[in-house]
Amino acid sequence: MGKYVLLILLSMGFYAAEGQVTTISINKENFQSSGFPFKGKRVLQVERIQTPKEDNYIVFSKEERGADPDKLYVQQFQQIDGMWQLVADELISEEGIVTSIWESRKAFFDADKDGKLDALFIYSRHPKDDLKKQLSCIGLVLYKNKFYRLRAEEADGYSQTTFSDNYASLPIEVRENVERYWNNLDKR
């Protein structure tokens, strides 16, 4: 009987470890001066996220302050065979728009229990001549090295959410996790 209890407890421990997502605090200034090959000149946000099957850096960076047009680079690096390799890369830039990341608004999870990172980051759009005015709130989903989006507009009081064309291809458990966070987010 004791062997079976031990076997069940070990199985539960392995199952729990399979879904674990660990974040490691990274100093932006140290990372920026480290020589790591990210785009941009200044790091706005950097996350090191480990899962049972991956070791990731997610880097948000921009050019110098006041660069026109404003460019937000979002990059995912994974450690593969002992080397950091770029596995996802996104440039966010619109004429006349400045993007602002919400560094404290993010979520890391493994909704589909595959041992790999699922992530949600929030950023907003502002007219370059009035940075205090927010035009939109965007949820940027990272899943299997691809980006997906949710978006709400200030013009309608953030009451409607639109989705990127590829959003529906996300697994239901990932969408449910993302939308639960999104629906509870103060988008203003």
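User: Let us start with open space. How much space lies in the largest pocket?
Analyst: In this predicted model, the largest pocket holds about 480 Å³ of space.

User: Which residues lie nearest its centre?
Analyst: Arg42, Lys62, Arg65, Asp70 and Val98 lie nearest the centre of the largest pocket, out of 26 residues that line it. Two or more lining residues come from each of α2 (28-32), β2 (42-50) and β6.

User: Which element gives the most to that lining?
Analyst: That is β6, with six residues.

User: And how does the lining divide by class?
Analyst: The lining of the largest pocket has 12 charged, eight nonpolar and six polar residues.

User: Two of the central residues were Lys62 and Asp70. What do their side chains form?
Analyst: The side chains of lysine 62 and aspartate 70 form a salt bridge, at 2.9 Å from N to O. Lysine 62 is buried, with a relative accessible area of 5%. Aspartate 70 is also counted as buried, at 11% relative accessibility; the cut-off for buried is under 20%.

User: How many salt bridges does the whole structure have?
Analyst: The search finds 11 salt bridges. One of them joins glutamate 103 and lysine 28, with the closest N and O atoms 3.5 Å apart. Glutamate 103 belongs to strand β6 and lysine 28 to helix α2, so this pair ties together parts that are 75 residues apart in sequence.

User: Are glutamate 103 and lysine 28 buried, or partly exposed?
Analyst: Glutamate 103 is partly exposed, at 35% relative accessibility. Lysine 28 is partly exposed as well, at 24%.

User: What about aspartate 55: which residue does it pair with?
Analyst: Aspartate 55 forms a salt bridge with arginine 48, and the closest N and O atoms are 2.6 Å apart. Aspartate 55 is buried, with a relative accessible area of 11%.

User: Now aspartate 110. Where does it lie?
Analyst: Aspartate 110 is in the loop between β6 (97-109) and β7 (118-127). This residue is buried yet has no salt bridge.

User: Which backbone nitrogen lies 3.2 Å from a polar atom of its side chain?
Analyst: The backbone nitrogen of aspartate 114 lies at that distance from a polar side-chain atom of aspartate 110.

User: Changing topic: which residues does the cis peptide bond join?
Analyst: A cis peptide bond joins aspartate 68 and proline 69, with omega about 10 degrees. Proline 69 is in the loop between β3 (55-62) and β4.

User: Finally, which residues line the largest cavity?
Analyst: Its lining includes Lys144 and Asn145, together with Glu54, Gln76, Gln78, Lys116, Leu117, Leu142 and Tyr143. The largest cavity has a volume of about 30 Å³. At least two residues of its lining come from each of β4 (72-80) and β8 (136-143).

Definitions and conventions: Residues are numbered from 1 along each chain as its sequence is written. This is a predicted model: local features need pLDDT of at least 70, side-chain atom pairs count only at pLDDT 80 or more; totals for chains, interfaces and linings use all residues. Side-chain values use heavy atoms; hydrogens and water are left out. Helices (H or I, at least four residues) and strands (E, at least two) are DSSP runs, numbered from the N terminus. Buried means under 20% relative accessible area, exposed over 50%, partly exposed in between (1.4 Å probe, protein chains only). Lys and Arg count as positive and Asp and Glu as negative; His and the chain ends are not counted. A salt bridge is a side-chain nitrogen of Lys or Arg within 4 Å of a carboxyl oxygen of Asp or Glu. A polar contact is a pair of N or O atoms within 3.5 Å; within protein, one must be able to donate a hydrogen and the other to accept it, and residues adjacent in sequence count only if both atoms are side-chain atoms. On a 1 Å grid over the protein atoms alone, a cavity is a set of points where a 1.4 Å probe fits but cannot get out, and a pocket is an open set with protein on both sides within 12 Å along at least five of seven lines; lining residues have an atom within 4 Å of a point. Grid points are joined across faces, edges and corners, and a volume is the space filled by probe spheres set on the points. Ala, Val, Leu, Ile, Met, Phe, Trp, Tyr, Cys and Pro count as nonpolar, Asp, Glu, Lys and Arg as charged, and the others, Gly among them, as polar.
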